[in-house]
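User: I'm new to this structure and would like to learn how to read it. Could you walk me through it step by step?

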Amino acid sequence: MAHDDAHPDDPHHAHSHLPPDPALRVKALETILTRRGLVDPAALDEIIDIYQNKIGPQNGARVVAKAWSDPAFKAALLEDADTVLREMDIYGRQGEHMVVVENTPETHNMVVCTLCSCYPWPVLGIPPAWYKSDAYRARAVREPRKVLADFGVTLVEGTKVRVWDSTAEVRYLVLPMRPAGTEDLDEDALAALVSRDSMVGTALVAAPEAAT
Amino acid sequence: MSAASSLCLPHGGEEPVFVEPWHAQVFALTVHLNESGRFTWADWVARFSATLKRHGLARELDGGADYFDAWLETLETLLTETTDLAPKDVNMMRDAWEAAYLATPHGAPVHLEAGLTKKL
């Protein structure tokens with residue numbers, strides 16, 4: 001962090017560390033809205049706890065591992081993800097629809113939100129900074145293969161790349177290809193192989209011996 | 001496109017879900033207001049994407065702090081346009097919190113009253 005604007009003779013030096021301006025503005029909003037009865041501070045704490053500790057790529061990995069292990073589940077997931085995921089107690093609290101797109105030797109899927117940062121929160125949690133950056137949002141559609149190369153992904157020649165643009169209403173999850181050599185693994189072991197990026201389509205799932 | 005488009009994407013490292021505590025707070029505030037019916041998520045996305053687009057005209061956004069700056073600006077504007085929340089109310093409360101921090105000895109819990117007492 002830069003400290004160019006620090007003043008050694010600041011008269012407030014001995015006082016509490018002053019939060020940055022946006023933090024004070026958020027506190028102001030929260031105080032006013034709580035006083036008006038529009039916000040319940042306990043509900044805010046719960047939301048933070050959910051997204052910080054309970055929801056994350058581990059949820060998506062569980063779905064992927066189950067799809068790899070259970071053909072009927074996979075077929076249902078690709079057909080109607082909302083219904084299948086709700087049975088696993090996974091659903092969008094903002095009313096969005098989930099769509100699962102399957103990677104195959106012929107087609108590699110990749111997800112972006114060109115508008116802002118729409119992302120399948122219930123299965124992947126909060127998106128990483130790169131997903132929210134202008135660079136990714138602009139380039140994923142225009143030059144997906146170059147973006148994949150930046151992520152270290154090289155596709156077999158002839159593989160088609162399909163880019164899905166998430167919206168407020170529809171969020172996409174990539175079902176990556178199951179790596180070879182995983183026939184004997186159970187769902188938990190399979191889930192451990194599945195990375196967040198592989199479910200956004202910016203990584204492939206490596207075989208266990210190559211996984212780090 | 002621009003030279004900026006050839007920038008490497010900042011990926012690969014582990015990062016916390018929320019880098020700053022206020023990022024978590026403003027996120028939770030927005031989700032809570034949406035879930036309690038104050039606005040639809042489609043409305044939020046339309047407004048937020050417009051803010052990002054406007055900010056992105058001046059410089060390339062990296063999806064880090066600038067992302068939540070845009071988020072906060074969107075929420076403030078949404079609330080002042082759709083409720084009777086006035087910008088001056090937010091500014092006054094912000095200043096009261098600042099005063100509270102400055103009136104509280106280092107290490108002690110900060111209460112808004114400390115700022116209000118000092119202001120009034």
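Analyst: Gladly! Keep in mind that this is a predicted model.

User: How many residues does α1(A) have, and what does it reach from its first C-alpha to its last?

Analyst: A helix has an expected span of 1.5 Å times one less than its number of residues. With 15 residues, α1(A) reaches 21 Å between its first and last C-alpha, close to the 21 Å expected.

User: Is α1(A) mostly covered or mostly open?

Analyst: A residue counts as buried if 20 or more other C-beta atoms lie within 10 Å of its own. By that test α1(A) is mostly covered, with eleven of its 15 residues buried. Among them are Leu24(A), Val26(A), Leu29(A) and Ile32(A).

User: What do the buried residues of α1(A) pack against?

Analyst: Their partners are in chain B: α1 (21-35), α3 (65-82) and α4 (87-103). In α4(B), the buried residues include Met93(B), Trp97(B) and Tyr101(B).

User: How many residues of each chain are in contact?

Analyst: The size of an interface is often given as lost accessible area, but here we can count residues. In this model, 49 residues of chain A contact 49 of chain B. α1(A) gives the most to chain A's side, eleven residues. That side divides into 30 nonpolar, nine polar and ten charged residues.

Notes:
Residues numbered from 1 in each chain as written. Chains lettered and ligands numbered in written order. Predicted model: local features only at pLDDT ≥ 70, side-chain atom pairs only at ≥ 80, totals over all residues. Contact = placed C-beta atoms within 7 Å. Helix = DSSP H or I, 4+ residues; strand = E, 2+ residues; numbered from the N terminus. Nonpolar A, V, L, I, M, F, W, Y, C, P; charged D, E, K, R; others polar. Buried ≥ 20, exposed ≤ 12 C-beta atoms within 10 Å, placed from the backbone.
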